[in-house]
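Subject: Model for your files

Hello,

Here is the model you asked about. Please open it next to this message, as the notes refer to residues by chain and number.

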Amino acid sequence: MYTKKKCVAMLLAGGQGSRLYALTKNVAKPAVSYGGKYRLIDFPLSNCTNSGIDTVGVLTQYQPLVLNEYIGNGQPWDLDKLNGGVHVLPPYETQSGASWYEGTANAIYQNMRFIERYDPEYVVVLGGDHIYKMDYSKMVDFHVANNADCTISVIDVPKAEASRFGIMICDENNKVTDFVEKPKEPKSTLASMGIYVFSWDKLKKYLIENENDANAKRDRGEAWSKDFGKDIITSMLRDNQRLFAYEFEGYWKDVGTLDSLWEANMDLLSPSVPLDLYDPSWKIYSRSNYNPPQYIGDSAEVENSMIAEGSIINGTVDFSILFSGVTVEEGATVKYSIVMPGTVIKSGAVVEYAIVGEDCVIEGGAHIGKSPEQIENKDDWGIAVVGHNITVSDGKSVEPKQIIGENI
Amino acid sequence: MSVNYNVLGLIFASMHDSYVSELTNQRTMGSIPFGGRYRLIDFPLSNFVNSGVSEVGVITKSNYGSLLDHLGSGRDWDLARKKGGLHLLPPYSQTGGIYKGRLDALSNIWSFVEHAFAKYVILANCDIVTSIDFTPVLKQHMSTGADITLVYSKAHYDSEKNSFATILEFDENNRLTGTMVNPKISGECNQWLDMLIISKDFLRSIVSEAESKNLYSFTKEILQNNVDKYKILGYEHKEFFMRIDNNENFYEANMLMLDAEKRNALFKKKTPVYTKVGDNAPVKYGLEANVKNSLIADGCIIEGTVENSVLFRGVKIGKGTVVKDAIIFQGSEIGANCKITGLIADKNVKIDDDKVVTGSAASPLYLKKGAKIS
């Protein structure tokens, strides 16, 4: 027995996050840690709950173990519901064979039965790798008010960066007239945020059409794809469907690369960045681990940082984000860095401009990263990265841009 | 730990409320905040859960609104269960009014105990903060064939400092020979941790006998008046414990949490202390933050100086403010350029900019819930 839902959200969480290298070796990108106690997927899941969307399908494919365990029954996000709630939807086998998800549109196509159970009016399609707080219900209202078939959330980006995004060209009523993926010479600065609201009957029609067309192309040996931006949006535009751009104002950050992951964390320490994690009316929920409060010792110097529960700090921490259960011993220094859960920074170690993964041990004389001022050629500078469960021995150093995936 | 359906846990959430009257003005013993993010009931509850006891009854008395709010369905202790789980047991006596003592309370809730599948019952209070595994206690109880096994600790007791204690004497066979309540003594002695194991059958017999004779005090009727009749043995708990029985030792107990050794004795990796999840963001330290020897819970925003203090969830400390030797409960906010020393600030206290509040570690000031200094 399923009750009708106005809205169902489908969260595309299959991303491998290959540009996060060592950090996504064993976890899908949406399970990457962020902000001292969160994983990326906490943002869309919490946004759903705060927006009143209580039915969410999470489409997983790459390294789903951590993500599945993390989502569990959805209780931390209030998504353990009698009707609806969060459901992890991995690829599955049918009588006609098994198939991996062959693109974002295909992933939803393969789960149309999940959506149909709830007989929704609208389907919200989300990604799992952006940091932002957004009320999806306002976007749905906008969609309804415009009598739209599809609404795409957009953000105004600096002109110089526009060629990195899918760019929407709109008329004066925000009606989308054209869409170009990563244009060399952008005609607009409205970038797609990868957040869509579809009227379900229209989306269903185009998903089936795309599936059939792509399969036919594949049978003929032609190039094919089953992708939202590239195929579904383009087809709808071709057919003169009503596509609207919903302009989002606020903080939105893509964390596709190590540098952007580091920056997005550092943004939390900047008073000028409008991302408030302390607002009780729009909490970002996460699965909590039962640590006692953090202890800051007599010899500690902690400034301009965020530190999570269970950490024990006796050293110097400046401009850094420390996750739960991190130990910084007396005489150790952590600056401009992100240190993930359970890692120990031993006395005498220096960690600067770095991301250190979970459960690492940074021994006494080790030195991770360098500040940009210490590097002559600025192109050689970048974040130093230590993957998960790694020991960096006394006397070893990790250079800027270097990524360590094994003990050294 | 696997689940042990053979044991029922019972927690008296309101025992000794009157000893910490300021803190229990609007709450009960079990819901007194402790250690930055906990309530006292989290300790007995977590001890049960970590010992595999998955059916727990919480016996309330008065002022239990905040306790109900804290416990909810028991989900955060993994006690929202179909088989077993958390049960809140209201205080009303069959004879009318609120219960008078442990035996009376047990008689009131007997139908709950009777319907539990468990053969054994463990009783605990909320005023003892410790980490204990009940598995060896149960094992000893079963192997010795005792009627009652009392959990005690050998520790220093000073009637000047503690408001309450039950002191036990045992013979060479570990059998109880004497019980003293609140003796005027000072020195090392066997202090009952207000925990005991008893079979349901035996508990039924003493509760119904007490009911028929209109008796209600467990300590007096069982431990003192029937020490020869029943086989009452002791189990020594050799680990760190604290008894919270007045405002001064409440303050001291919180300050003891700044000591790594004590903290590690209470919060062990393998037996976490569970509590209500608050979904607070990590602590934010500002540009001029200066924190020394303090325990800070999630959701705090600290822009000033904090020393030798315990800050609960979501506390805000303004720029230029110096907080020393203080315990500040959840949601309290202290403005800029204040000087705060020796204070226990209850929940949601607001202190405006440029204020001076001076108490001392020896006798801390207390600001009640929601108090404003402006």
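The notes below take the contact between the chains and then the salt bridges.

Please keep in mind that this is a predicted model.

Interface

The contact draws 35 residues from chain A and 37 residues from chain B. Together the two chains bury about 3,000 Å², and carbon and sulfur atoms account for 50% of that. Of the area that chain A buries against chain B, 24% comes from A:Tyr278, A:Tyr290 and A:Pro293, more than from any other three residues.

There are 20 residue pairs in polar contact between chain A and chain B, both residues being at pLDDT 80 or more. On the side of chain A that touches chain B, the elements that give two or more residues are β16 (294-296), β17 (301-303) and β18 (305-307) of chain A. That side is made up of 18 nonpolar, ten polar and seven charged residues.

Strand β18(A) also pairs with strand β14 (residues 283-285) of chain B, in the antiparallel sense and over three bridges. In this pairing, A:Ile307 stands opposite B:Val283 of β14(B).

Four salt bridges cross the interface of chain A and chain B. One that joins the two chains is between the side chains of A:Glu309 and B:Arg37, at 3.1 Å from N to O.

Salt bridges within the chains

Over all chains the count comes to 33 salt bridges.

- A:Lys81 and A:Asp54 form a salt bridge, with their closest N and O atoms 3.7 Å apart. The two are 27 residues apart: A:Lys81 is in the loop between α2 (64-71) and β5 (85-89) of chain A, and A:Asp54 is in the loop between α1 (42-50) and β4 (55-59) of chain A. A:Lys81 is partly exposed, at 40% relative accessibility.
- A:Glu209 and A:Arg238 meet through their side chains at 3.0 Å, N to O, in a salt bridge. A:Glu209 belongs to helix α6 (residues 200-219) of chain A and A:Arg238 to helix α7 (residues 228-238) of chain A, so the pair ties together parts 29 residues apart in sequence. A:Glu209 is partly exposed, with a relative accessible area of 22%.
- B:Glu114 and B:Arg204 form a salt bridge with the closest N and O atoms 2.8 Å apart. Because B:Glu114 lies in helix α4 (residues 110-115) of chain B and B:Arg204 in helix α6 (residues 200-213) of chain B, the pair ties together parts 90 residues apart in sequence. B:Glu114 is partly exposed at 30% relative accessible area, and B:Arg204 is partly exposed at 29%.

Finally, salt bridges with shared partners join A:Glu102, A:Glu211, A:Arg218 and A:Lys226 into one network.

Regards

Key
Residues numbered from 1 in each chain as written. Chains lettered and ligands numbered in written order. Predicted model: local features only at pLDDT ≥ 70, side-chain atom pairs only at ≥ 80, totals over all residues. Heavy atoms only, no water. Contact = heavy atoms within 4.5 Å. Buried area = accessible area lost by both parts, 1.4 Å probe. Polar contact = N/O pair within 3.5 Å; in protein donor to acceptor, adjacent residues only side chain to side chain. Helix = DSSP H or I, 4+ residues; strand = E, 2+ residues; numbered from the N terminus. Nonpolar A, V, L, I, M, F, W, Y, C, P; charged D, E, K, R; others polar. Pairing = 2+ DSSP bridges. Buried < 20%, exposed > 50% of the residue type's maximum accessible area, 1.4 Å probe, protein only.
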